[in-house]
Amino acid sequence: MEKSAPTSLANITDLLLDAVCVVDTEGRYLHASAAFERIFGYTPAEIIGKPMIDLVHPDDRKRTLLAAGDVMRGKPLLNFQNRYVRKDGQIVHIMWSACWSEADQARIAVARDITELKRAETIQAALYAVSEAAFTTRDLMALFQQIHRIVGDLLPARNFFVALRDEQHDRLDYPYFVDEHDGVPESQPMDSDALSVEVVRTGKAMLLTSDQCQALRAGGRCLTGHQALDWLGVPLRARRGVIGALVVQTYAGDVRYTEHDKTLLQFVSIQVASAIERKQAEARLQHVAQHDPLTDLPNRELFHDRLDVAMARARREGEPLALLYIDLDRFKRVNDNYGHDAGDMLLREVAARLRQCVRESDTIGRFGGDEFVVLLGHLRLPGDATTVATKIRLALHHPYAIGHHRLEVAASIGIAFFPSHGESREQLIRSADEAMYRAKRQGGNRLHTGTLVDLSR
């Protein structure tokens, strides 16, 4: 005969805000009070006779069964916490107190919904983690990775990206993009109809379900992601306005986003925006400290660091490395005849032409005045450095249109190879500098290679 709970107990428990449950020795529900539906979404009639463990979150089932075993052996359970999956798919956090009734051969338990408490604790922990990441991460990319992990603790974030607004070029870039189907998308102009652009442009969060995503795609709208089922984007609102967006999207039918998720992500995004803004300010200050303000090329200190790293790699891998020392011929005449503004414009143009002559992996620096240096690594043959130096000499000798004037300058270039022209940074720079002066003494607008050093000493 099927067991049932006493009628008097059922009448009393239905008045409680916490759910009261009775579970038999096989782990099946014998009774659930009226509050069970409010907490778990199932009416008592729907779950009578069903296994209790089926409602428990899969990740919590093992320890829940262990705790149930302790209760059945007569050990009372106080304040045990686990997660359940509601009828609507949402996760609820439950605090249980339970004991064993020998007479009824059943577990009697009281369940309290602590989801809101857990949510508040989780948000507080997330805000603290974001704030800490703003101070401890080394750069923006490391910050984005940490933010991804933090958001992933709040809601499903397997597919997550950060979009940031480039105000100078009026576009939206995607500096951090993790997706199980797609690669990093192209920059989007701020007048496009891309969803992430709309979030940034309007400053409003957007939650789209599967049907809405399909309808937008059918209408030609640009959704970042491969046929996402749900799409959730929130603006990153900082002191200077909306600087970007945080976006999560899901392709799995068992993972859906809700209005609660939108509210949660919006709440955290305020702290995230502040952290990103701080990291961007740090990056700008570091850039200013390490770059020449006129040409935006690495200054002497940063160039020295790059050269040290390149020389260590060259020693380790045995590859050729070359240093070019460049000095403009007759540059003083430009300042004397046309003014320093014209001279500054000319130096900026020289920097631009130098960038066009080398690879992205090479480093160009300005040591001050009209002196530039170029570090060429990963050379296949030493002769490649001479080829690049010749290309630079010809490019710099081409006339410049500065204001209403047509100006001409030339360049004297010294070339030094590591380690044959110097084993240390100082030796290599001095060798290239001396070679440049020899080229200048011979009339300028030419190349000269450094003097070999005695490596046996």
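Two residues are in contact here when they have heavy atoms within 4.5 Å of each other. This is a predicted model, in which local features need pLDDT of at least 70, side-chain atom pairs count only at pLDDT 80 or more, and totals for chains, interfaces and linings use all residues. Residues are numbered from 1 along each chain as its sequence is written, and side-chain values use heavy atoms, with hydrogens and water left out.

**Around D24**

Let's start with D24, which sits in strand β1 (residues 19–24). Helices (H or I, at least four residues) and strands (E, at least two) are DSSP runs, numbered from the N terminus. Leaving aside residues up to four places away in sequence, D24 touches L30, Q105, A106 and R107. D24 counts as buried because its relative accessible area is 14%; the cut-offs are under 20% for buried and over 50% for exposed, with partly exposed in between (1.4 Å probe, protein chains only).

The D24 side chain also makes polar contacts, meaning pairs of N or O atoms within 3.5 Å; within protein, one must be able to donate a hydrogen and the other to accept it, and residues adjacent in sequence count only if both atoms are side-chain atoms. One goes to the backbone nitrogen of E26 at 2.9 Å, and another to the backbone nitrogen of R28 at 2.8 Å.

Now for the spaces. On a 1 Å grid over the protein atoms alone, a cavity is a set of points where a 1.4 Å probe fits but cannot get out, while a pocket is an open set with protein on both sides within 12 Å along at least five of seven lines; lining residues have an atom within 4 Å of a point. Grid points are joined across faces, edges and corners, and a volume is the space filled by probe spheres set on the points. For the classes, Ala, Val, Leu, Ile, Met, Phe, Trp, Tyr, Cys and Pro count as nonpolar, Asp, Glu, Lys and Arg as charged, and the others, Gly among them, as polar.

| Space | Volume | Lining by class |
|---|---|---|
| Largest pocket | about 800 Å³ | eight nonpolar, eight polar, eight charged |
| Second largest pocket | about 500 Å³ | four nonpolar, three polar, ten charged |
| Largest cavity | about 190 Å³ | 13 nonpolar, two polar, one charged |

The largest pocket holds about 800 Å³. Its lining has 24 residues, with I91, L154, L155, P156 and D261 closest to the centre. Helix α5 (115–136) gives the most, four residues. Domain 1 (15–113) and domain 2 (137–288) each put at least three residues into this lining; the domain bounds come from an automatic or database domain assignment.

In the second largest pocket, 17 residues make up the lining, and L140, L164, Q280, A283 and R284 lie nearest the centre. The elements giving two or more residues there are β6 (159–166) and α9, with α9 supplying the largest share, six residues.

The count of cavities of 30 Å³ or more comes to one. Its lining has 16 residues, and M52, Y84, W96, R107 and A109 are closest to the centre. At least two lining residues come from each of β1, α4 (61–72), β3, β4 and β5 (106–113).

**Helix α7**

Finally, α7 covers residues 195–202, and its buried residues are L195, S196, V197, V199 and V200.
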